[in-house]
Amino acid sequence: MKRFGNNVCRFLRVVTLLLTLTVSSSFVCAHTYIVGAQDIEYYPYYNFSSEHDKGLGRAILDAFSKKTGHNFIYLNMPVTRLQIELKKGNVDFVFPDNPKWYNQITHKLGKVYSEPLTDTFAVTLVKKENQGTELSNISKLATPEGFSPVKWKQHIKNGSVEVIGVSSIYEGLKLLQDDKVDAFDVEYNAALYFIQRLPQSASFVADLTLPNDVVSFSLSTLNHADIIDELNAFLLTNSDEINDIKERYGIEDTTQLKKQLINEQGINKNAVWKPL
């Protein structure tokens with residue numbers, strides 16, 4: 001990113017954005033970049049609002065920052081606002097992002113994505129007593145506000161499934177527990193983190209006979225493809241360090257996790273959901 005002294009307009013926009021989001025920094029210099037981050041708690045992958053542990057994604061980006069000397073300032077904002085600020089130039093990068101997450105704001109602007117910092121396992125969570133329910137019985141689906149339930153796209157399009165946006169994983173679990181939705185489209189480990197901290201909650205299960213998918217989390221940009229190249233090189237040459245970080249956060253290989261859940265649920269492999 002250019003020095004702010006060379007671009008007064010951009011400086012003013014970023015200062016305004018910082019004040020709006022109540023995020024402050026004493027100064028920003030060369031090699032300092034603004035990362036727009038989702039303001040939802042999606043631990044263990046990310047929780048940029050935390051004063052303590054900000055999650056796996058931040059840990060990997062911090063390791064990259066330490067290795068390269070690049071400095072990142074993180075601005076938390078609603079999911080629906082991220083691409084707007086990226087297009088305006090108020091943020092340099094967005095995390096997390098994925099080329100499959102269609103949006104009308106930046107999809108034709110040559111956006112560049114890094115290799116995945118991590119893979120995640122997006123599942124359909126249901127109450128345990130409803131495990132094995134037919135997909136046709138799912139009419140109300142909770143999903144984090146602004147997220148793209150790609151695997152449900154056709155069902156949403158034909159009107160058979162209504163999407164209920166939630167501001168937190170806790171809210172989605174509460175709707176599911178109270179039977180106000182039939183299922184919750186959510187990442188497995190992120191949901192598990194909350195479930196383990198809600199001892200009075202109902203029993204939930206990631207039903208693999210319903211839509212599920214491996215989803216990667218990448219860093220994206222419109223104007224800093226060179227930094228993405230550096231990040232990709234870092235991910236390739238520091239795999240041991242990255243694997244240590246994933247182990248610290250309890251993130252295992254998604255293929256192995258899926259096999260484990262299939263075995264635990266006693267599901268016939270032919271019954272496991274497959275995309276059309």
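**Notes on selected features of the model**

1. Asp179 is found in the loop that runs between α5 (169–177) and β8 (183–187). Helices (H or I, at least four residues) and strands (E, at least two) are taken here as DSSP runs and numbered from the N terminus. The model is predicted, so local features need pLDDT of at least 70 and side-chain atom pairs count only at pLDDT 80 or more, while totals for chains, interfaces and linings use all residues. Residues are numbered from 1 along each chain as its sequence is written, and side-chain values use heavy atoms, with hydrogens and water left out.

2. The backbone of Asp179 deserves a look, as its phi is near 60°, a positive value in a residue other than glycine. Asp179 counts as exposed because its relative accessible area is 53%; the cut-offs are under 20% for buried and over 50% for exposed, with partly exposed in between (1.4 Å probe, protein chains only).

3. Where do the cis peptide bonds from Tyr43 to Pro44 and from Phe95 to Pro96 lie? Pro44 is in the loop between β1 (32–38) and α2 (56–68), and omega for the bond from Tyr43 is near 15°. Pro96 belongs to strand β3 (residues 93–97), and omega for the bond from Phe95 is near -10°.

4. The count of aromatic pairs comes to 19. Rings of Phe, Tyr and Trp (its six-membered ring) pair if their centres lie within 6.5 Å; planes under 30 degrees apart are stacked, over 60 edge-to-face, and the rest tilted. One of the pairs is Tyr33 with Phe72, which is tilted, at 6.1 Å centre to centre and 40° between the planes. Tyr33 lies in strand β1 and Phe72 in strand β2 (residues 71–77), so this pair ties together parts that are 39 residues apart in sequence. Both Tyr33 and Phe72 are buried.

5. Phe72 also pairs with Phe93, here edge-to-face, with 6.0 Å from centre to centre and 80° between the planes. This pair links strand β2, which holds Phe72, to strand β3, which holds Phe93, across 21 residues. Phe72 counts as buried because its relative accessibility is 9%, and Phe93 because its value is 0%.

6. Strand β1 also contains Gly36, which counts as buried because its relative accessibility is 0%. The C-alpha atoms of Gly36 and Ser220 are 9.8 Å apart, although the two residues are separated by 184 residues along the chain.

7. Side chains of opposite charge can pair when their charged atoms come close. With a salt bridge defined as a side-chain nitrogen of Lys or Arg within 4 Å of a carboxyl oxygen of Asp or Glu, the count is seven. Among them is the bridge of Glu85 with Arg81, at 2.9 Å from N to O. Both residues sit in helix α3 (residues 79–88), four residues apart, or about one turn of the helix. Glu85 is buried at 4% relative accessible area, whereas Arg81 is partly exposed at 23%.

8. Lys127 and Glu129 form another salt bridge, at 3.7 Å from N to O.

9. Lys174 forms a salt bridge with Asp178, whose closest N and O atoms are 2.6 Å apart. Lys174 is partly exposed at 37%, and Asp178 is partly exposed at 33%.
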